[in-house]
Amino acid sequence: MLRKYSALLRRAMGLMLEYRASIVIWMLTGVMPLVMLAVWFSLAEGGPIAGYSQNDFVSYYLLMTLVRQLTNVWVIWELDYEIRHGDLSIKLLHPINPIHEYIASHLADKAFRLWILVPLALVAWLIFPTIHYDVTPITLTLFFGALAAAWILRFLSQYCFGILAFWISQAITLNEIWFAGMLMLGGVVAPLDLFPDQVRVIANYLPFRFMLSFPVEIVSGRLTPTDLLVGSIAMIFWVAFFVVLYRWLWSRGIRQFSAFGA
Amino acid sequence: MSNNFPIHVEHLCKYYSVHQKESGLAGSLKSFVRRKYTDVKAVDDVSFTIGAGEIVGFLGPNGAGKTTTLKVLSGLLYPTRGVARVLGFTPSERRAAFLRQITLVMGQKQQLSWDLPALETFLVNAAIYEIPDDQFKKTMRELTELLELAPLLKKQVRKLSLGERMKCELAAALLHRPQVLFLDEPTIGLDVTMQTKIRQFVCDYNERYGATIILTSHYMADVTALCQRVIVIDHGKLLYDGDLRALAEKIAPHKLIRVEFSQPLNGQRLEEYGEVVSARDQHAELLIPRDATSDVAARMLAQLPIADVTIEEPPIEDVITRVFEQAAKARAERGEKDEDEE
């Protein structure tokens, strides 16, 4: 599998370099957290909102931007197209599950983004030297685990929507609704702390939180050990849930495939 | 034992459920409220077996079910009913061990990465097909030689000509030395020289590796050059399975006699020998009933000033066209609708 992935990654990196300009442009579309930062920053001028000072908002949204950039997925656009146009046939003929080819191209994209994001993060730190995170070996380990889980959740959930293209022609639209849910309840529009209690109680257990917000929360220093534990369990549950859902949908969808267009 | 055949198909059916939609907004609304589904029988009760090392031509008009059959055999489609076995595997299970031994080349689909050199795709395939390094190098050398790939390997695929691209596609599809090849229109859109090269390559590959091959093509020259045996399907049904030449004998009741006269004919009428296809100057072509060929030829030699005579089978294109005409007529007599299905 290692050999397969290194070959797939090599090709994906080659393609990334072909399209380097468009990736930078795509990255710009992921800056909504910065827009929200500007909004909350000015709102918090008169004093902290629900315990968030201006500096807290800066710390929160800068990291949120980074997490969003490093967990972005676009697999549904490819999957939906390839299913409906029959191009999936090519991948199905290979003795490897097509999901690995998609994963490899996403990983290559992440490697490329890191190149750009690391210097940018350093610049941001110079501009806002007061940003602070709760960095301990435990929170750092949890952060990276949650970051990986966030990407897996975003990838698998979008993949599941993509598989629906075996049956329906509007799979992408459904995914847009899901995406909107993530912006609302994943901590982009506002940190979950700012939501009314009734909403927050539910949002804390929905998958959206673990698609973006949770890694940021982990190093925010606002979670109790119990919160961390319960959150981690919920996160693992959702990852397992989407793994099972993906397997089930895929095995059903593939029977539906008509390989049109060839 | 049927299992000794690399390809074994028994009562295979593949139906598509297609929803019908009238054109226009009203049609869209109507189909939104109540969808009408009809079954399209792309493959309908087809059975055949193919032995190791055989090259079989798959003939049929557009929408006959050729491509669907190949897709079922390569594991892309689940059959609706019936049995398909390839190398002892059930294709639709898509086991890695199965996929590593077959290939499907589609003239209209490509696996090469458009923006990268073909070599990059070859390297990826080497990895995902788990081809050992030394075997990869050896196969690469052979394919480079047979297909004259050397100048193409490092060029971006999008900068290759159609023919060059097809050669690279073939190489990518054969790098793992599959035992069973499904070639769906491998020469489509190529010029005659390139067609000949691809044809020769398929022939070489078959000889070198003893591979079993099913080929579909709209170019009869591909089929006549490569296949002794043909399977003819139309409207999802198998019409003929057997020797290509026997098909001509079975279907075309005539042979073609071509004569050249040593001097212009004076008044002798050709009509009494057979159906005159063409006659000008000192050349003529006549259709003679198959059984009477030798008698008529002898009579012509005796009675006419003949310089040269050849007896030929009618062109295979005509024979095939005839097969489909007869099938259409038979369907019409049974009262079936002649719907066009792609």
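Reader: What makes β1 and β4 of chain B a pair?

Author: Two strands pair if DSSP finds at least two bridges between them. Strand β1 (residues 7-20) of chain B and β4(B) have five bridges, in the antiparallel sense, and therefore count as paired. In one of these positions, C13(B) has R81(B) of β4(B) as its bridge partner. Strands themselves are DSSP runs (E, at least two residues), as helices are (H or I, at least four), and both are numbered from the N terminus. The model is predicted: local features need pLDDT of at least 70, side-chain atom pairs count only at pLDDT 80 or more, and totals for chains, interfaces and linings use all residues. Residues are numbered from 1 along each chain as its sequence is written, while chains are lettered from A and ligands numbered from 1 in the order in which they are written.

Reader: Why are β2 and β4 of chain B called edge strands?

Author: The open sheet has three strands in the order β2-β1-β4 (chain B), with antiparallel pairing. β2 (36-50) and β4 (81-86) of chain B each pair on one side only, and so they are its edge strands. From one strand to the next, the twist averages 30°. Helix α2(B) lies across β1, β2 and β4 of chain B, at about 70° to β2(B). Such angles run from 0 to 180 degrees between N-to-C directions, with axes fitted to C-alpha atoms, for helices over the stretch in contact.

Reader: How do you know that β10 and β12 of chain B are paired?

Author: Seven bridges join β10 (residues 254-261) of chain B to β12 (residues 283-289) of chain B, and the two run antiparallel. In β12(B), P289(B) is the bridge partner of H254(B). Helix α10 (residues 293-303) of chain B packs on the sheet, touching β10, β12 and β13 of chain B, and its direction makes about 170° with that of β13(B). The sheet is open, with four strands in the order β11-β12-β10-β13 (chain B) and antiparallel pairing.

Reader: What makes the span of helix α13 of chain A close to the expected one?

Author: The expected span is 1.5 Å times one less than the number of residues. Helix α13 (residues 225-256) of chain A has 32 residues and reaches 46 Å from its first C-alpha to its last, close to the 46 Å expected.

Reader: Why are some residues of α13(A) called buried?

Author: A residue is buried if 20 or more other C-beta atoms lie within 10 Å of its own, exposed if 12 or fewer do, and partly exposed in between, with C-beta atoms placed from the backbone. In α13(A), G231(A), M235(A), W238(A), F242(A) and I254(A) are the buried residues, and therefore each reaches that count of 20 or more. Their cover includes α8 (137-163), α11 (207-211) and α12 (213-218) of chain A. In chain B, buried residues make up 35% of the 342 residues.

Reader: How do you know which residues of chain B are in contact with chain A?

Author: Two residues are in contact if their C-beta atoms, placed from the backbone, lie within 7 Å. By this rule, 25 residues of chain B are in contact with 21 residues of chain A. The largest share of that side of chain B, five residues, comes from α4(B).
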